[in-house]
Amino acid sequence: MQDYEELVSFLGTWGRFQRRVFLLLCLMAIPGGYYLQSVFFLLASPPHHCHIPADRNMSQDWIQASIPEQFGTSGDLNSNSTQQVGVLSERSSCSRYDLDQVQNLSALGLSPEFVLSELKQEDCKDGWTYSTEYYESTVVTEFNLVCSEEWKKPLSSLAYFLGALCGSFISGQISDRFGRKPVVFGAITMLSISSIALAFAPSWPVFTLLYFLIGMGQNSSLIVLFVLGSEIQIGSTRILFSSLCLPCTWVTGMMLLPGSAYLVRNWRHLSLMMAVPGLACIPLWWQIPESPRWLISRGRLREAELLLSSAALENKVEPPHGFFLSDNVRNSNLSLFSLTQKHSSLTKVSVSPQCEKAESKKSLGFLDLLRTSNIRHTSFILWFVWFSLSLSYYGLAFNMSSLSGSPFLNYFLVAAIELPAYSVNWLVVSRCPRRYSYIGFTLMGAVALLLIQITLHSPPALSLSLVLLGKFGIMIGIGVSFVHTGELSPTVIRNTAMSSCATFSRAGCCVSPYLMQLAVFHESLPLIFAGSLSLLSIALYILLPETFRKPYPDTIQEMGQIQCFRCPWASMSCLKDDEIPIQHQIMGLETVCA
């Protein structure tokens with residue numbers, strides 16, 4: 001299937017069929033983008049303090065004074081903080097003075113200026129009072145995930161990321177076996193149903209379980225959408241889809257969430273609203289086709305023929321004379337085998353007629369990514385690259401979350417920053433080699449990460465500029481690696497390869513919150529660690545083969561060769577003879593014949 005794109009070139013690259021599928025697939029990315037960082041609003045923790053029951057019959061001054069003050073740095077303070085005599089302070093969130101003693105002092109008519117520091121403190125036995133400035137209700141405020149129960153909040157976030165990790169791994173296996181289309185719609189349906197059920201979660205454990213399912217559906221839908229669109233589109237249209245329009249559409253979904261959260265301040269109502277985009281996509285089942293590449297790779301030639309014939313009819317083009325997809329594809333699959341047979345009379349090389357179909361018809365899984373040294377080394381490098389990029393991306397996100405002001409506006413701006421990055425990414429992947437693009441922009445992001453430590457105590461504008469520059473570079477690196485991974489992976493196992501990379505990416509997401517704990521030892525250590533990982537990924541990326549303006553490989557044998565550090569007089573490949581692609585073996589045969 002080396003000439004698949006030539007086989008379907010009669011359809012053109014921007015006919016009515018391609019435009020329709022292009023638009024619908026982009027629209028289907030909105031539900032996944034909508035949930036991308038829902039944790040920010042569902043698990044928001046507003047300022048809070050111990051609740052003082054009204055039946056205590058204390059004056060307002062004593063009610064205010066019953067909450068002790070605690071002192072700390074500006075990074076620890078909330079909107080209730082005050083600054084007195086150069087010292088920053090805030091009201092305690094998890095303790096109060098003993099109310100029985102405070103009530104007695106209030107009954108005696110004493111002034112709150114009494115030395116309260118001598119009073120005993122106690123836990124918030126009557127619950128908490130939460131600020132409603134931005135949120136009417138969140139998961140944190142409803143289930144009281146604060147103070148001694150605060151560990152449950154990051155665990156809920158971890159459940160979401162673990163769901164995304166499992167979804168990345170499982171969806172690839174299922175998609176390569178049963179098709180791209182069923183997995184996309186199955187993931188979006190699961191996403192919507194889980195979101196509706198989330199609105200009725202009676203307890204924190206039920207919420208965490210449902211949030212795990214949401215993470216699984218959200219990430220699965222985005223990954224398989226990328227693969228489906230990349231396999232249907234060809235040429236420059238594929239680059240436009242994968243590197244610009246699809247990412248910008250899910251960023252649009254990200255930007256819609258702050259507006260929804262601003263209008264709906266209750267987390268249960270917001271969960272119901274988040275299910276709407278996914279439910280609206282379900283009727284598109286009858287408009288979205290299956291991947292013809294996948295159908296051919298699975299030997300379902302008749303279905304692929306009907307699909308492409310329908311596409312030709314929609315584009316109002318005529319297939320070439322004598323065009324029968326089943327025959328052409330069979331010839332395409334046999335073309336390389338026939339070339340081998342051409343030389344077999346001189347070299348006595350013989351190949352079984354059934355060999356060329358064996359790989360396309362058998363089900364390939366995760367272990368096949370480790371089968372030969374070439375695909376194994378490629379997979380190891382890509383897994384590390386995706387892990388390090390995700391770790392750097394979310395490390396920067398933690399720094400950006402400290403911006404002051406309205407959380408709705410802040411989140412909107414943080415999401416909007418990604419649009420220019422994706423626009424530049426589209427230009428880069430359309431005109432520049434993959435390796436050089438990744439190395440250049442990721443290096444820019446890594447250097448910015450390492451320089452942020454120098455500006456930690458500088459004016460905020462300087463630190464923010466470096467954070468944005470770092471995120472800009474890292475995001476373009478993510479976009480380039482996304483496209484490059486799809487181009488490196490063969491059709492028969494492409495979705496498994498993409499999903500395995502996304503699995504390691506989500507592992508980076510899961511590690512990133514705990515990476516921030518390194519700041520206990522030194523405030524700049526987390527960013528130094530993330531920047532160093534990015535530099536190491538650049539060094540490994542040099543070894544990957546270039547795929548710019550080259551056709552997609554359809555079998556493992558057609559993959560580009562991993563680069564090796566070797567002496568000039570070394571052999572052409574670092575692989576064993578039985579792992580060298582058959583094209584190179586044929587070149588060797590021609591040399592022998594000459």
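This is a predicted model: local features need pLDDT of at least 70, side-chain atom pairs count only at pLDDT 80 or more; totals for chains, interfaces and linings use all residues.
**Bonds and burial, term by term**

Me: Why is the disulfide of Cys 50 and Cys 124 called left-handed?
Reply: The torsion about its S-S bond is about -60 degrees, so the disulfide is left-handed. Cys 50 sits in strand β1 (residues 48-50), and Cys 124 in the loop between β6 (121-123) and β7 (128-130). Residues are numbered from 1 along each chain as its sequence is written, and side-chain values use heavy atoms, leaving out hydrogens and water.

Me: What makes Cys 50 and Cys 124 a disulfide?
Reply: Their sulfur atoms are 1.7 Å apart. A disulfide needs two cysteine sulfur atoms within 2.5 Å, so this pair qualifies. The structure holds two disulfides.

Me: What makes Cys 94 and Cys 147 a disulfide?
Reply: Their sulfur atoms are 2.0 Å apart, so the pair passes the cut-off. The torsion about their S-S bond is about -95 degrees, so this disulfide is left-handed. Cys 94 is in the loop between β4 (87-91) and β5 (95-97). Cys 147 is in the loop between α7 (139-143) and α8 (152-178), 53 residues from Cys 94.

Me: Why is Cys 94 called partly exposed?
Reply: Its relative accessible area is 34%. Buried means under 20%, exposed over 50%, partly exposed in between (1.4 Å probe, protein chains only), so Cys 94 is partly exposed. Cys 432 is also partly exposed, at 29%.

Me: How do you know that Cys 510 is in no disulfide?
Reply: The nearest cysteine sulfur, that of Cys 509, is 6.6 Å away. Cys 510 counts as buried, at 9% relative accessibility.

Me: Why does Glu 487 count as buried?
Reply: Its relative accessibility is 6%, so it counts as buried. Glu 487 lies in helix α22 (residues 460-488).

Me: What does the side chain of Glu 487 make a polar contact with?
Reply: Its partner is the side chain of Thr 547, at 2.6 Å. A polar contact is a pair of N or O atoms within 3.5 Å; within protein, one must be able to donate a hydrogen and the other to accept it, and residues adjacent in sequence count only if both atoms are side-chain atoms.

Conventions
Helices (H or I, at least four residues) and strands (E, at least two) are DSSP runs, numbered from the N terminus.
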